[in-house]
Amino acid sequence: MELLKLLITLFILQAFLPTTTLIQAAPTNSNLFREYIGAMFKSVRFTDVPINPDVELHFILSFAIDYDTSSSPSPTNGKFNIFWDSANLSPSEVSSIKRRHSNVKVALSLGGDTVASRFAYFSPSSVDSWVSNAVSSLTRIIKEYNLDGIDIDYEHFHGDPHTFSECIGRLISTLKRNKVISFASIAPYDDEEVQKRYLALWKSYGHLIDYVNFQFYAYDKGTTVSQFMNYFMTQTSNYNGGKVLVSFLSDGSRGLSPDDGFFTACSRLKSQKKLHGIFIWCADDSKANGFLYEKQSQALLANPH
């Protein structure tokens, strides 16, 4: 009798478990639109960018960097300073755009490619000291600016993948635990040294990372729609279980541009329920073309069909 009860229990569990897994893993589209802003100092403001009320929109301030602000900046081991156009993208501007648009959130991005025309390196003295300094300095900036999340965009590194993983993973974990941020994203691209570090981070801390802003625009200019789809599948496999967003450059200088089929690729992904969102680098450059592609991106994301 006991054996029969056990077999019935196991049968019931088996019947339920696959369903639960299927629900969690079911592909789904998103109406998330994200845009980097402020790195190029072209006097762009939040209010310049069209905002469709039917999307979730994240502005990402670019960048906060752990370098000093001297004429020849040097690393500060996790003590972050503001390197975006804070004259036009100030705390009051953040509060104003969020008050006017309930669908808008604002984040900041860490690192970036360069500082004062030189590579900006991730350069910690030690994991503990870097995390302590980063938590302290970023908490201050995030609270001052009333921000909602962070994005990780280091592209040059001193130190091994494990050090990067531990520093960034513990930073995100602490900021979330302290309720300083509500979301975090990473912004890798297809480069061996970059991928080593972000994949190590994903392996250990992927459960804390809400979005993968994969820089598909780092692929060659002239990328075709079919190549783009293959790249997407590859990176979706690399960042398994993650919400991998698709992306393009405003100026169309690399990757698959809107003029060459980016939105065709998006429509295909949407039909497969794999369009987790779109992001653009960057609002500063989009200002010149009247934010045409922002309007198109948001219209596609807002359309439920």
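In the predicted model, helix H4 and helix H5 (residues 192-205) cross at roughly 50°, and their axes come within 8 Å. Angles of 65 to 115 degrees count as roughly perpendicular and those under 35 degrees as roughly parallel; H4 and H5 are therefore oblique to each other. Their crossing is right-handed. On the H4 side, the contact involves Pro161, Phe164, Ser165, Glu166, Ile168, Gly169 and Arg170. These residues meet Lys196, Arg197, Tyr198, Ala200, Leu201, Ser204 and Tyr205 of H5. By residue class, the contact of H4 with H5 divides into seven nonpolar, three polar and four charged residues.

Helix H4 (residues 161-177) also packs against helix H3. In this pair the axes lie 9 Å apart and form an angle of about 40°, and H3 and H4 are therefore oblique to each other. H3 passes H4 in a right-handed crossing. The residues of H3 that make the contact are Val127, Asp128, Trp130, Val131, Ala134, Val135, Leu138, Thr139 and Ile142. H4 contributes Thr163, Glu166, Cys167, Ile168, Arg170, Leu171, Thr174 and Leu175. The contact of H3 with H4 comprises 11 nonpolar, three polar and three charged residues.

Helix H3 (127-145) is in turn one of the elements packed against helix H2. Within H2 (residues 91-100), Val94, Ile97 and Lys98 are buried. These three residues cover an arc of only 95° around the axis, which puts them on the same side of H2. The buried residues of H2 pack against strand E2 (56-65) and strand E4 (104-112) as well as against H3. The face of H2 turned away from the buried side carries Ser92, Arg99 and Arg100, which are exposed.

The backbone was examined next. Most residues other than glycine have a negative phi, and most peptide bonds are trans. Two cis peptide bonds are described here. One of them runs from Ser62 to Phe63, with omega near 5°. Phe63 is located in strand E2, a strand against which the buried residues of H2 pack. Another cis peptide bond joins Trp281 and Cys282, where omega is about 0°. Cys282 lies in the loop between strand E13 (278-281) and helix H8 (283-286).

Positive phi values are found at Ala116 and at Ser117. For Ala116, which is not a glycine, phi is about 50°. The phi of Ser117, also a residue other than glycine, is near 65°. Ala116 is placed in the loop between strand E5 (114-115) and strand E6 (118-119), and Ser117 is in the loop between E5 and E6 as well. Their accessibilities fall into separate classes, since exposed requires over 50% relative accessible area. Ala116 has a relative accessibility of 47% and so counts as partly exposed. Ser117, with a relative accessible area of 75%, is exposed.

Definitions and conventions
Residues are numbered from 1 along each chain as its sequence is written. This is a predicted model: local features need pLDDT of at least 70, side-chain atom pairs count only at pLDDT 80 or more; totals for chains, interfaces and linings use all residues. Side-chain values use heavy atoms; hydrogens and water are left out. Buried means under 20% relative accessible area, exposed over 50%, partly exposed in between (1.4 Å probe, protein chains only). Helices (H or I, at least four residues) and strands (E, at least two) are DSSP runs, numbered from the N terminus. The arc is that of the directions from the helix axis to the C-beta atoms. Contact means heavy atoms within 4.5 Å. Axes are lines fitted to C-alpha atoms, for helices over the stretch in contact, and angles run from 0 to 180 degrees between N-to-C directions. Angles under 35 degrees count as roughly parallel, over 145 as roughly antiparallel, 65 to 115 as roughly perpendicular and the rest as oblique. A crossing is left-handed if the near helix is turned anticlockwise from the far one by less than a right angle, and right-handed if clockwise. Ala, Val, Leu, Ile, Met, Phe, Trp, Tyr, Cys and Pro count as nonpolar, Asp, Glu, Lys and Arg as charged, and the others, Gly among them, as polar.
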